[in-house]
Amino acid sequence: MFNSSVAIHGLFRHSAGKPFRLLLASLLAFLSVTAHAQLTSVEHKAIDDVLTAGNLRPKDLEFDRTTISSPWVLSLCQEANAKPLEAIDDLLSTHDIAREASLPELLTKASSFLGPAQAAPLDTANYRGQLPADVPEAIRPTIEEIVHFIAASNEAVRGALKNLAPDERRMLIEGLSALPLKGTKESLGFVKGHPETTTRLLELLSKVDLPAIRNASITLATEVRRRLPALQAFGRKTDWKGSVVATVDGVNLEISGVGNDAHELSDRMLCIDFGGVNHFAGRYAAGIGYSSVLIDFGSSETIDTADAGAGCGVLGIGMAFFIGGNAHFHTGSLNCGAGVGGVGVLVKSGGAATYRSATMSQGYGAFGVGMLIDTSGENHYTAQDLSQGAGFTGGLGWLIDRKGDSSFHCVPNDPTKPARAQGYGGGTLSENPQLPGGIGLLTACEGSHPTTASSKAQGFGEHMGLGSFFSGAGGDTLTATSMAQGVGLQGGSGYLLHLVGSNTYTVRQGSCQGFGVDKGVGVLLDRQGDTIYASAYGRPGSGVAGGLGILIDPEGDDRYWGSPGVSTFDALGIFVHVGGSNRFADTLHDNQISLSNYSVAASLEDPRRGSAPAFPDRKYPKPGSEPTPSETQLQVLYERAMLQDPLSSSAAVDGLVAIGTPAVEWILKNKLGATDSYALDVISEIITAVGQPAKQALAPYVQSDSALVGKNAIELAIRSNAKEVGAFLSGPMSKPETQLAAVQAAGELQAESTVQKLMPLAGSQDKRLAEEAMKSLARIGSSEAVSTATALLLSDDLIVRRSAMELVAKFPSSALAWANPSFKTFDERLIRISLELLGKCQDSEAVSKAASFLDDSRPAVRIQALLAINGRVPKDSRGRVLDLRNDPDPLVRQVAAGIDLGR
């Protein structure tokens with residue numbers, strides 16, 4: 001039963017119990033009581049050791065991973081992408097606040113991630129309306145005060161929207177709500193008009209004072225909270241069973257006593273029910289352009305709400321409080337704590353609850369804040385998409401489950417579709433302009449949590465968004481199909497933070513468990529307990545294609561199915577495990593550091609290079625075997641090819657391939673001005689199947705006066721490996737709009753003609769441009785650029801430095817000429833970099849030179865010498881390598897234990 005003192009001293013606060021302690025018997029007797037809010041000294045030491053062994057510094061984690069430049073990129077998302085170690089501490093602290101903080105405190109914290117946040121005064125001086133006499137006199141003044149604050153909050157919301165005409169406000173309400181559903185079959189019941197363009201929606205949104213709405217919500221939450229104890233006390237002692245419907249100070253209200261009530265209205269700004277078994281079928285706590293509050297003290301509640309209700313704010317404020325018994329929520333979309341350009345909150349305290357929603361619910365935010373806070377009970381959460389802590393562009397979605405063994409389930413009706421849930425932050429690249437991701441947080445404080453999802457879940461971020469799943473207890477089982485459990489994609493960041501207990505992480509396919517791809521950042525911290533990491537192809541703590549993957553597990557007897565710590569030279573994988581008796585895949589053993597060229601544990605060749613053709617299994621018709629049809633017929637074929645239905649699309653693609661070069665020329669002429677990623681995939685498939693004539697037809701388009709056409713043409717050239725385009729890249733490389741894309745393509749297409757253009761760009765002050773230019777020079781491998789590369793071998797930028805090494809190492813004589821003078825210095829870092837460079841050379845003289853440093857007095861230098869000769873140890877140095885397995889320094893011993901002597 002709900003305790004009124006809880007409401008008095010903090011909205012639904014509860015005791016955190018004994019101070020949290022993490023025992024690592026072999027390392028520390030105990031940590032401080034606040035250790036759960038930051039990385040511990042043990043974890044920091046382990047990370048530092050691993051970085052040292054890999055010739056890395058914390059600064060090396062900061063290579064550029066930006067993919068979208070937009071004013072809607074949130075600062076916490078930027079930090080999560082650029083400074084992951086700092087972000088871990090900030091996220092642990094944020095999740096820790098959710099254990100006890102009051103609703104106003106949580107709203108202030110959530111709002112601060114979207115911009116400056118503080119409670120805004122709500123002036124009630126002009127509101128003196130009185131309730132009808134049918135409302136019991138004892139509680140009437142308290143309810144009137146709430147009414148006055150809702151009226152004042154409505155005035156604040158109107159002020160925030162004052163620059164919108166009525167039709168513009170309606171366009172924005174409908175357009176923003178439906179924006180994430182573009183391109184899907186999903187729809188919202190209250191959206192009647194035709195969807196506006198994204199550009200138009202953002203133009204209208206710029207007229208809205210979004211911080212004013214958020215700040216008003218903090219004050220309204222504070223004032224409602226102050227009056228909850230009085231309301232609850234009245235409900236406990238009264239026998240009033242009446243019901244009053246009225247309008248006071250412009251606030252439509254509905255007040256019911258302790259009877260069993262059915263609430264079916266859809267325009268209430270205040271609804272209070274003092275008890276009984278209640279059913280809500282109307283739209284309550286739905287602030288759509290205004291403020292709306294629902295307070296229910298019933299012993300049992302059933303909430304059957306269509307779209308937009310039960311704590312939904314769309315350019316407004318919606319707050320629902322269910323205090324007391326068990327509750328069953330059966331809702332559509334935008335429910336149970338959903339904020340779109342506003343604030344939507346659902347707070348449930350006392351009893352158990354089941355939550356069933358469609359999409360954009362259970363803690364969802366876009367351009368605003370959405371929060372679901374459940375403080376007790378064994379709860380079950382089910383949704384289809386964009387829920388359970390999901391943040392879309394400019395928004396924060398937060399689900400907080402404080403107590404009890406609760407389950408989370410999010411699988412769309414089509415299980416092949418992504419869940420985008422359970423700590424998900426993402427936007428969309430298919431819109432113009434592109435929309436960066438928001439912040440999605442799922443905080444499960446106590447109890448065990450069976451969690452299932454399809455993909456893109458359980459701490460997943462994409463498009464510069466941030467998703468974080470946090471569990472403060474143990475015994476959790478997390479199951480997903482793919483792209484889950486601490487994964488970042490396309491500049492996004494995913495953080496799975498688990499503090500206690502033996503857990504099981506299962507992912508059916510790859511890309512999981514601390515995995516960063518395509519400039520994404522994926523982090524998994526599992527602090528205590530015996531854990532199973534299972535997946536078919538997963539590589540824990542790995543990064544590819546410019547990504548960064550980190551897995552930190554400081555304790556326990558764990559089992560890993562995939563080889564940990566894999567990366568490519570333009571990415572980084574960091575795998576940190578401390579203590580325990582563990583079973584790893586073939587690249588690591590207990591008490592061993594196994595390092596290769598680009599990662600802390602293992603290295604794989606970049607999967608994007610040297611791979612099979614993009615479409616190896618498809619058999620296409622012969623290009624030119626069909627006559628060229630009319631433009632109308634080409635349009636029909638093209639539209640069918642774009643359908644995301646494999647059978648219809650494949651037949652249309654075959655038809656276009658059979659037409660051959662004329663079809664490609666028609667597509668390039670008419671369709672390059674507005675294509676999304678899926679369309680580019682299909683067009684590149686057609687170009688690849690048609691072959692060289694199609695690639696030649698593509699080449700001139702990279703020089704288009706239209707930046708969008710030029711970028712799309714360059715991207716098509718990369719996807720279809722159209723080397724014929726390489727000679728045309730110098731022009732777009734000189735234009736700011738297409739420069740970065742052209743620089744990337746130069747390397748992918750081995751465009752040697754661009755080397756002179758690329759060399760000065762490798763020294764650019766623009767980090768992203770410098771990295772991509774040096775990467776392309778390394779891929780081209782021209783001797784012309786060796787002088788540029790040697791000048792950058794000491795760069796502070798990890799990707800520039802590694803790319804420079806890749807190029808210089810292709811010319812062993814140049815590498816030795818640069819390294820030999822370094823060996824005469826006492827600069828340890830310079831010597832280690834020189835050894836790292838020699839280790840990349842396919843040259844016996846370089847190997848012998850590196851082996852001569854096995855006797856160096858400095859442990860870090862001995863480590864680098866070991867890595868440089870791994871797999872090809874000279875015969876006269878093998879005895880020394882075996883001796884180093886008993887070296888006095890533990891890091892040297894562990895690295896030496898993993899060295900392959902070779903044949």
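This is a predicted model: local features need pLDDT of at least 70, side-chain atom pairs count only at pLDDT 80 or more; totals for chains, interfaces and linings use all residues.

**Exercise 1.** Find where Asp249 and Arg420 sit, and work out for each whether the residue is buried, partly exposed or exposed.

Solution. Start with Asp249: look in the loop between β1 (243-248) and β2 (251-256). Its relative accessibility is 27%. Buried needs under 20% and exposed needs over 50%, so Asp249 counts as partly exposed. Now go to the loop between β22 (407-410) and β23 (424-425), where Arg420 lies. Arg420 has a relative accessible area of 14%, so this residue is buried.

Now for the backbone. Most residues other than glycine have a negative phi. Asp249 has a positive one, near 55 degrees. Arg420 has a positive phi too, near 50 degrees.

**Exercise 2.** Take strand β4 (residues 270-273) and sort its side chains by the way they point, then find the strands it pairs with.

Solution. Side chains in a regular strand alternate between the two faces of the sheet. In β4, Leu270 and Ile272 point one way, while Cys271 and Asp273 point the other way. All of these are buried.

Next, the partners. β4 pairs with β2 in the parallel sense, over four bridges, and here Glu254 stands opposite Cys271. β4 also pairs with strand β7 (residues 291-296), again parallel and over four bridges. There, Ile272 has Ile295 as its bridge partner.

**Exercise 3.** Which residues is Ala390 in contact with, leaving aside its neighbours within four places in sequence?

Solution. First place the residue: Ala390 is in strand β20 (residues 390-391). Its relative accessible area is 0%, so Ala390 is buried. Then look for heavy atoms within 4.5 Å. That gives Gly363, Tyr364, Gly365, Gly397, Arg420, Tyr424, Ile439 and Gly440. Finally, check Ala338: it is 52 residues from Ala390 in sequence, and the two C-alpha atoms are 9.5 Å apart in space.

Notes:
Residues are numbered from 1 along each chain as its sequence is written. Side-chain values use heavy atoms; hydrogens and water are left out. Helices (H or I, at least four residues) and strands (E, at least two) are DSSP runs, numbered from the N terminus. Buried means under 20% relative accessible area, exposed over 50%, partly exposed in between (1.4 Å probe, protein chains only). Two strands pair if DSSP finds at least two bridges between them.
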